[in-house]
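Dear colleague,

I am passing on the structure below, together with some notes on it. Please read them beside the model.

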Amino acid sequence: MTHQDLLNAVEEFGSPLYVYDADKIKSQYKRLTDAFRSVDKLKIHYAVKALSNLSVLSLLNKLGAGMDTVSIQEVKLALEAGVLPQDIIYTPNGVSLEEIEEAAELGVKINIDNLSILEQFGTRHPAIPVCVRINPHVMAGGNTNISVGHIDSKFGISIHQLPHIKRIESNTGMIINGIHMHTGSDILDIDVFLYASEILFEAATHFENLEFIDFGSGFKVPYREGDIETNLEEMGEKLSKRFNKFCAERNKDLTLSFEPGKFLVSEAGKFLARVNAVKQTTSTVFAQIDSGFNHLIRPMLYGSRHEIANISNPEGRERFYSVVGYICETDTFGNNRRISEIREGDILSFGNAGAYCMTMSSNYNSRYRPAEVLMVYGKAHLIREREDFEDLIRRQKLIEMEA
Ligand SMILES: *Cc1c(COP(=O)(O)O)cnc(C)c1O
């Protein structure tokens, strides 16, 4: 997407605005499937929580992706987008048995990450095959908040409890047709990932009815020029080889699965906001935009970096800025950033705004959530309208009372 495309989109749909590039989503999907092209049966489930707009789900589904969902609402969104139930996997954590049963009723694949639930579900529905989420206790994450494979994690069933899983399987007569791990976001070290995979392959030998092995996600994406990222091609080659060998040795025709979110959509998204004011203080120059962490919380929540460019004045002389939002508490998008000269009214573009940005937005400070646009073959399509005052009050009740 060119600067002009983005400026045109703001002109047409207003600010702040999320814009997603369908081409980039397509090329990321292709890069992933190419890396595993030597695997006969490959199934990518896109992690809906990263960006859950129906049109984005539909695009990924048309490319061949199924959906990875973590709530019953995400399951319903995926179905609404036209995804077939058998192409949806439901991987919740800490939800009620009733919610899992509701998902099963909708016909989606079930991934269970708790022995107690496995036993209850197996007892009540022995005919419905399930996948189990294994915690291999390997740290492959970046930020500690997003590493989920380690020993104290709330995710998954410990690999040390494999005998208990097996016992539940035989006691209930249920069928375990898949095993899964998701070691956390931001895989940097391929060897650590392959090490965790070995644990999963070993576990796989214990399940006779296995149909798929799901290696989760956590591919790291670059946040700026020259940034380190998962070497997907190298990982694809190594894991494919190992997977094919495993299938050949065991004489099994398994499906290899992944469920990336960030990798598929992060770089495809730009967040656009207008500069309300440029404010000089004794120590810095603030650029204050018409948005805040209510629309893009990642920098404040876990210190993620989003490149910031002034697309209204890309050739301007560079200066250092602190880019801040309008929320009435600390609300910083970027400190001490070198950006081409910012004038009031300019449009700033934030990179890596496809994943975990709009889906984490809120109405804090009673602001409206932004509109979303999907750029397809150079044409901008509005895929979510900006909220308005009606949305803010829709579910509220003003009661009559004496104070
Ligand atoms: C969040 C999540 C993902 C996606 O992680 P990314 O880092 O966005 O690729 C995949 N699987 C599960 C179970 C998740 O919870």
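Why does G218 count as buried? G218 is placed in this class because 28 C-beta neighbours lie inside 10 Å, where buried stands for 20 or more other C-beta atoms within 10 Å of the residue's own, exposed for 12 or fewer and partly exposed for anything in between, with C-beta atoms placed from the backbone.

This is a predicted model, in which local features need pLDDT of at least 70 and side-chain atom pairs count only at pLDDT 80 or more, while totals for chains, interfaces and linings use all residues. Residues are numbered from 1 along each chain as its sequence is written.

An unreviewed UniProt entry places the feature "binding site" at G218 and Y356; these two are spread over 139 residues of sequence, yet they cluster in space, with a largest C-alpha distance of 13.3 Å. UniProt positions follow the numbering used here, feature names are shortened, and annotations may be inferred rather than shown by experiment.

G218 sits in the loop between β9 (212-214) and α9 (232-250), whereas Y356 belongs to the loop between β16 (347-350) and β17 (371-376); helices (H or I, at least four residues) and strands (E, at least two) are DSSP runs, numbered from the N terminus. Y356 also counts as buried, because it has 26 C-beta neighbours inside 10 Å. Neighbours within four places in sequence aside, Y356 is in contact (C-beta atoms, placed from the backbone, within 7 Å) with A50 and R298.

With kind regards

Definitions and conventions:
Contact = placed C-beta atoms within 7 Å.
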